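Have a look at the structure first, then read on.

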Amino acid sequence: MILKIDFNSDEALYLQLRNQIILGIATDELREGDSLPSVRQLADHIGINMHTVNKAYAVLRQEGFVKVDRRRGAIVCLDSDKYSALEELHKELGVVLAKARCKNITRDEVHNLIDQIYDDYFSPQRFGNSPQEE
């Protein structure tokens, strides 16, 4: 997995790292049961402080994306609590949509953007089958 960290961004490095790992899971680059690099390995690879990586891993653990095993380190382990995930998504999307509204982005533009992003994560070419929609 290639991590894209922007050292000039205003976004905190640990959040960028967290987001990149979540994107890796969503795009199937990281799968359930995969071990993430050790804190030291990842910090050395990216060129950041170990505490930054540790904080990203801690947030991922709290959010249900990884678990920490004493022998294997951080492991992709997806929390199956869909109801709480939907509640969190509702809160986050509420803020994102409020920002869009302030910038005069239309409902159709939002829907088109969501369709594009959804297709990026659930395209049949990526997974070898068609997505299951609810």
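## A pocket and a helix pair

The lining of the second largest pocket is made up of seven nonpolar, three polar and three charged residues. Here Ala, Val, Leu, Ile, Met, Phe, Trp, Tyr, Cys and Pro count as nonpolar, Asp, Glu, Lys and Arg as charged, and the others, Gly among them, as polar. Keep in mind that this is a predicted model, where local features need pLDDT of at least 70, side-chain atom pairs count only at pLDDT 80 or more, and totals for chains, interfaces and linings use all residues. Residues are numbered from 1 along each chain as its sequence is written, and side-chain values use heavy atoms, with hydrogens and water left out.

Of the 13 lining residues, Val 39, Asn 54, Tyr 57, Val 68 and Ala 74 sit nearest the pocket's centre. The helix α3 gives the largest share of the lining, four residues, and α3, β1 and β2 each supply at least two.

Now for the helices, α2 and α3. Their axes come within 8 Å and cross at roughly 120°.

Who meets whom? The table shows which residues of α2 and α3 are in contact (heavy atoms within 4.5 Å).

| Helix | Residue range | Contact residues |
|---|---|---|
| α2 | residues 39-46 | Val 39, Arg 40, Leu 42, Ala 43 |
| α3 | residues 50-62 | Met 50, Val 53, Asn 54, Tyr 57 |

These contact residues divide into six nonpolar, one polar and one charged.

Terms used:
Axes fitted to C-alpha atoms, helices over the stretch in contact; angles between N-to-C directions. 1 Å grid on protein atoms, 1.4 Å probe; cavity = no way out; pocket = protein on both sides within 12 Å on 5 of 7 lines; lining within 4 Å.
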